[in-house]
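Please read the points with the structure open.

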Amino acid sequence: MTRPVPDKAEVALEYPDKFYVGTFDRTSRFDAHLDTTGVSLMLERPGDENVRKSIHMHLNYDLFTQILQDVAATAAAMGADDMVHRAAVARAARELARALGTKRKADGRERPAQHTDQSS
């Protein structure tokens, strides 16, 4: 299910003989979800042929995990006032962590994941 882009995204794709850049703004739509092998992201700007464009990306979980770790390291190194959207990003990260810690029962209801201590 696509949703409106709430802000702006810029994408650049560089080949040895070509360079493509695209901007996706509030008139664009996006879809982001997890699947069995990783994270899928689609950005789409609808419209006439001369303005219509889309990008589809899939990041396998190992790469996505490393990206999250690098983003965390960058955020930790920033001063408290360096990132205007710090609270919104932190809230979204907590929601992701909470969702990853939730398991679904066979009937579709959610329950907290059981944490077991594997150290002995």
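**Notes on the predicted model**

1. A search of the whole structure turns up 1 salt bridge. Here a salt bridge is a side-chain nitrogen of Lys or Arg within 4 Å of a carboxyl oxygen of Asp or Glu. The partners are lysine 8 and glutamate 10, and their closest N and O atoms are 3.6 Å apart. Lysine 8 is exposed, at 51% relative accessible area. Glutamate 10 is exposed as well, at 59%. The classes are buried (under 20% relative accessible area), exposed (over 50%) and partly exposed (in between), with a 1.4 Å probe and protein chains only.

2. On provenance: this is a predicted model, in which local features need pLDDT of at least 70, side-chain atom pairs count only at pLDDT 80 or more, and totals for chains, interfaces and linings use all residues. Residues are numbered from 1 along each chain as its sequence is written, and side-chain values use heavy atoms, with hydrogens and water left out.

3. Overall layout. The chain has 2 helices and 8 strands. Read from the N terminus, the order is β-β-β-β-β-β-α-α-β-β. These elements are DSSP runs, numbered from the N terminus: helices are H or I with at least four residues, strands are E with at least two.

4. Burial and surface. Of the 120 residues in the chain, 12% are buried. The accessible surface comes to about 10000 Å², and carbon and sulfur atoms hold 55% of that. Areas come from the Shrake-Rupley method with a 1.4 Å probe; for residues, only the protein chains shown count as cover.

5. Contacts. Among contacts in the chain with a separation of 6 or more, 25% join residues 24 or more positions apart. Contact means heavy atoms within 4.5 Å.

6. The largest pocket holds about 1500 Å³ of space. It has 38 lining residues, and the closest to its centre are Phe64, Leu68, Val89, Ala92 and Leu96. Helix α2 gives the largest share of the lining, 9 residues. At least two lining residues each come from β2 (9-14), β4 (29-34), β5 (38-45), β6 (53-60), α1 (61-77) and α2. On a 1 Å grid over the protein atoms alone, a pocket is an open set of points where a 1.4 Å probe fits, with protein on both sides within 12 Å along at least five of seven lines; lining residues have an atom within 4 Å of a point. The volume is the space filled by probe spheres set on the points, which are joined across faces, edges and corners.

7. Leu34, Leu68, Leu96 and Leu100 make a nonpolar surface patch of about 350 Å². Patch members have over 30% relative accessible area and no salt bridge; nonpolar side chains (Val, Leu, Ile, Met, Phe, Trp, Tyr) are joined within 5 Å, like charges within 9 Å. Leucine 96 sits in helix α2 (residues 86-100). It is partly exposed, at 33% relative accessibility.

8. Which residues does arginine 3 touch, not counting those up to four places away in sequence? They are Ser28, Arg29 and Phe30. Arginine 3 belongs to strand β1 (residues 3-4) and is partly exposed at 48%. Its C-alpha atom is 6.5 Å from that of aspartate 31, 28 residues apart along the chain.

9. Histidine 56, in strand β6, is exposed at 60% relative accessibility. Leaving out residues up to four places away in sequence, histidine 56 touches Leu41 and Met42.
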